[in-house]
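Work through the exercises below with the sequence and the coordinates open. Each task is followed by a solution in steps.

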Amino acid sequence: MGLLLLVYCTVSVVSKGATGDAQPDALPSVQGTLPHFIQEPEDAYIVKSNPIKLRCRAAPALQIFFKCNGEWVHQNEHLSQEYKDLNTGLKVREVMINVSRQQVEDFHGPEDYWCLCVAWSHLGTSKSRKATARIAYLRKNFEQDPQGKEVPINGMIVLHCRPPEGVPVAEVEWLKNEELLSSLTDDNIDTRADHNLIIHEARLSDSGNYTCLASNIVAKRRSATAAVIVFVNGGWSLWTEWSPCNVPCGRGVQKRSRTCTNPAPLNGGAFCEGMSVQKITCNALCPIDGGWDEWSEWTVCSSQCERLRGRECSSPAPRHRGKMCEGNSEATENCTDGLCTQNRKLLHDVKPQSVDSSNDVALYSGLGAGAIAVAILVVAVMLYRKNHSEYGVDVIDSSALTGGFQSFNFKTTRQGNPLLLNSSMQPDLTVGRTYSTPLCFQDGADKDLFDPLPDIKVKVQSSFMVSLGVSERAEFHAKGPAETFPRDLTRDYSGTADRRKKGLLTLNGPVSTGREQLRTNGVFGHAGGRMVVPNAGVSLLVPQGAVAENMSWEMHMVINQGEASVQTLEGCEILLGPEVTYGPPVLDLFTPVAMSIAHCAEVDTENWNIQLKRKTQDSKWEEVMSVEEECTSCYCLMDSSSCHLLLGQPGSYALVGEPLTQAAVKRLKLAVFGSTEAGSMSYGLRVYCVDDTPHAFQGVVAAEKTRGGQLLEEPKMLPFRANTFSLQVSIQDVPQFLWSIKPFTTCQEFSFPQVWCSNQQPLHCAFSLERFSPATAQLSCKISVRQVKGHEQILQVYTAVAETEKESVPFFMQTDCTITSQTGPKAFKIPSSIRHRICATFDTANAKGKDWQLLAQKLHLDRNLGYFAKQRSPSAVILNLWEARHQDTADLDSLASALEEIGKIHSKSSPKPDQGEPRPGFGQVEAGCERGAGAPTNQAAEDSAPESTG
């Protein structure tokens with residue numbers, strides 16, 4: 001510092017001593033002022049290890065030096081240059097120094113590292129501003145990451161973000177789906193000074209993945225990605241107009257509907273509540289055809305020798321699209337018996353009277369002969385039609401056409417299984433119907449329901465049936481009027497019910513089985529289980545978790561017998577399956593149970609109105625739901641032969657159907673049994689017609705067990721239509737030289753109400769045959785069961801009738817079920833671990849739509865979604881329904897296929913996984929999806945590196 005003062009003094013002395021000899025260019029210095037700074041040092045940040053440069057520029061200045069943190073910087077560290085300003089002529093001096101990272105780090109003062117410039121001139125010194133030097137950095141972790149949200153449309157979205165600590169302070173920007181957001185281009189978006197993102201009114205387009213981006217001169221940092229889902233709750237559209245009555249005449253149904261499309265639920269929004277279809281009954285006015293009035297009196301004879309009379313089509317007049325009267329409304333005839341006046345004179349026939357008389361005799365004789373011939377022809381046709389009538393009492397037996405001298409050759413392939421009569425015919429491979437609900441839990445190997453029937457299934461077609469071209473399941477198409485249910489059908493139903501109560505239906509009719517009440521019990525805990533009524537097609541599934549932990553319920557399931565409950569049904573309603581009760585009444589479960597009940601209806605919404613009913617405390621039936629309408633209290637899934645219900649309230653339930661048109665069909669099971677009467681030559685055949693459900697057929701089995709009967713043919717199914725026509729049962733092709741049957745008993749008939757309103761009670765008719773000789777040990781014949789103007793089914797009978805063989809092969813080999821309930825994991829098809837993972841994956845909605853609604857769609861359970869939406873775990877309830885529906889299958893193929901389809905849909909919309917990442921399969925159930933809908937972040941590399949400080 002002493003050196004600097006010495007130089008300064010020397011310069012001053014020199015200047016003062018040379019006043020007269022000064023150079024012109026030194027005049028400004030002599031007349032100069034204090035130095036002023038043209039450029040002062042500025043604040044700077046040290047990035048990584050790069051030093052910063054501080055500059056000073058002053059004029060007029062003899063010397064400039066830096067002073068940092070109160071100490072002078074060594075002269076060797078200064079880089080200086082000097083030049084003359086052309087505008088002012090003053091000398092300008094510029095000085096620069098470097099400040100390294102090490103210098104700043106080694107400084108430990110109360111304030112930041114600082115430097116300033118000191119400039120000298122002839123008149124004194126000047127100081128610049130202080131410039132600070134700081135080390136720049138940006139930490140890795142955000143102080144607050146934005147969180148994903150689900151908001152309704154038009155709601156407000158607020159995403160919070162607090163960037164990492166840094167020097168200088170980081171600036172924040174927002175990315176949506178990797179694109180920069182700007183509040184300048186969208187007034188709906190506000191990015192405030194506190195770094196939060198605010199969307200005032202959410203739109204569907206605002207759904208996406210949002211990322212907070214923080215940056216300064218050192219680095220950029222990305223926050224965790226927040227998935228924002230803007231959902232739309234469903235809303236009902238307006239009701240459509242009522243549809244026309246679905247029948248042209250009589251009682252029908254009108255519908256109107258609405259859709260959950262105003263708006264449609266999106267992105268996991270709530271489904272509409274309420275019914276999507278409404279139905280009301282309607283009565284279409286039936287056409288009334290016109291009828292003629294009486295003829296009027298004849299008019300006075302006109303001048304043309306004619307008189308007139310007329311009639312009007314007004315008794316009744318045609319109405320409601322009825323037909324006009326057929327025929328003429330006017331009639332004329334000659335009024336002079338052949339004599340007429342012309343020019344007021346009578347004209348006479350010139351032929352003699354004798355000729356007229358002879359012509360009249362010949363004419364009347366010819367007419368009489370023709371009338372007799374026509375009468376004979378009519379009588380012959382009537383006799384023929386009486387013998388072949390659809391309503392006739394007897395049916396022609398084709399064996400009688402051969403004169404009763406047929407030759408038979410009985411051969412036996414196995415003991416008790418003789419060959420049939422006509423071995424050249426094609427075999428009938430018709431088999432019995434398979435029910436989807438289990439008959440019982442087998443404890444060991446599976447056993448057949450029936451004993452092995454005769455090995456050879458060749459059926460004998462009667463020559464009469466072959467000649468008519470009628471085969472099994474032949475359909476008779478009537479050319480009747482195309483009207484639907486007759487107006488008096490209700491009267492037929494009620495009349496039949498009344499006659500039943502009074503005991504007037506004594507011909508054949510329902511069979512009193514005398515069965516005890518079918519009941520099953522089981523104790524179920526938190527693990528759940530399954531319960532079945534043996535051989536009845538009825539089961540109950542108690543889901544896992546339905547019972548609270550450390551608790552158990554003793555539950556029961558009962559099939560109610562008898563007709564007491566049926567008599568309370570209204571109008572044309574019939575039972576389609578057994579009435580089932582489950583309890584106890586105080587049962588309280590967390591999730592609904594799944595009940596499966598076999599039914600006998602050919603399901604068609606156009607022809608049936610099927611309802612689920614529940615018995616009230618006063619033993620009346622109340623409607624719970626219609627199977628085609630939306631309902632949030634229970635769920636009904638109709639399969640071809642079973643109905644699967646999700647129920648939350650114990651009680652008595654029944655599936656009831658009301659036919660809407662004549663095309664409504666319920667299935668009948670047909671079976672023929674036989675037995676020999678002890679000590680006689682008679683053999684009895686009993687044909688049963690029963691609703692096609694396992695429970696109803698068990699009534700037949702119970703009745704035949706008491707009689708010692710044998711099943712002679714595999715039971716067959718007959719579609720029975722609601723066309724009000726009766727059911728005829730006839731026996732055909734009985735060998736008349738071996739067996740005799742009473743006349744006029746070969747055809748028996750059930751009225752339509754008897755069959756249609758059987759309500760799970762079996763009907764039967766009996767045929768009694770008698771052998772001519774005790775040596776006759778074989779019986780072959782056919783039983784034809786057909787509905788008039790409907791379907792026909794043939795039951796082939798071929799059996800041994802010797803008393804010694806009567807008990808050789810019993811018809812019913814099913815043993816009593818020893819296991820009627822199962823508990824724990826063995827009662828379910830889906831393993832518990834897979835079930836939990838499926839529920840965790842699909843119960844949470846996400847932006848890609850991979851939620852329980854997609855699961856229901858792929859499992860074909862996407863009707864009445866409002867019911868699932870009300871459940872705590874929609875996916876669990878969907879899987880329970882799948883369990884009940886597929887309890888007869890032993891694999892998970894359909895579920896695995898559905899999950900595979902969902903995985904394919906997800907893979908198309910998601911980035912491909914790394915090669916080292918395993919592909920999620922059915923066992924993993926798309927485990928990668930459980931992380932949510934957020935996009936992958938770019939912090940993986942940063943997380944593995946040490947924190948960067950610039």
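Predicted model: local features only at pLDDT ≥ 70, side-chain atom pairs only at ≥ 80, totals over all residues.

**Exercise 1. Classify the packing of helix α9 against helix α12 and list the residues that make the contact.**

Step 1. Read off the values. For α9 (residues 832-842) and α12 (residues 874-885) the angle is about 135° and the axes are 9 Å apart.

Step 2. Apply the cut-offs. Angles over 145 degrees count as roughly antiparallel and 65 to 115 as roughly perpendicular; α9 is therefore oblique to α12.

Step 3. List the contact. α9 contributes R835, I838, C839 and F842, while α12 contributes S875, A876, L879, N880 and E883. Sorted by class, the contact has five nonpolar, two polar and two charged residues.

**Exercise 2. Are W608 and W756 stacked or edge-to-face?**

Step 1. The structure has 13 aromatic pairs.

Step 2. Take the two numbers for this pair. The ring centres of W608 and W756 are 5.6 Å apart, with 10° between the planes, and the pair is stacked.

Step 3. W608 belongs to strand β37 (residues 608-615) and W756 to helix α8 (residues 752-756); the two are 148 residues apart, so the pair links distant parts of the chain.

Step 4. Check accessibility. W608 has 2% relative accessibility and counts as buried, and W756, at 0%, also counts as buried.

Step 5. Contrast with another pair. Y867 and F868 are edge-to-face, at 5.9 Å centre to centre and 75° between the planes. Y867 and F868 are both buried.

Step 6. W608 and W756 belong to one aromatic cluster with F720 and F752.

**Exercise 3. Why is strand β33 described as largely enclosed, and with which strands does it pair?**

Step 1. Count buried residues. Of the seven residues of β33 (residues 553-559), six are buried, so the strand is largely enclosed by the rest of the structure.

Step 2. Take the pairing with β30 (residues 518-524). It is antiparallel over seven bridges, and L518 has I559 of β33 as its bridge partner.

Step 3. Take the pairing with β35 (residues 580-583). It is antiparallel over four bridges, and M557 has Y582 of β35 as its bridge partner.

**Exercise 4. Is L79 buried or exposed?**

Step 1. Locate the residue. L79 lies in strand β6 (residues 79-84).

Step 2. Apply the cut-off. Exposed means over 50% relative accessible area; L79, at 52%, therefore counts as exposed.

Step 3. Find its contacts. Leaving out residues up to four places away in sequence, L79 touches E94, V95 and M96.

Note on methods: Residues numbered from 1 in each chain as written. Heavy atoms only, no water. Axes fitted to C-alpha atoms, helices over the stretch in contact; angles between N-to-C directions. Parallel < 35°, antiparallel > 145°, perpendicular 65-115°, else oblique. Contact = heavy atoms within 4.5 Å. Nonpolar A, V, L, I, M, F, W, Y, C, P; charged D, E, K, R; others polar. Phe/Tyr/Trp six-rings, centres within 6.5 Å; stacked < 30°, edge-to-face > 60°. Buried < 20%, exposed > 50% of the residue type's maximum accessible area, 1.4 Å probe, protein only. Pairing = 2+ DSSP bridges.
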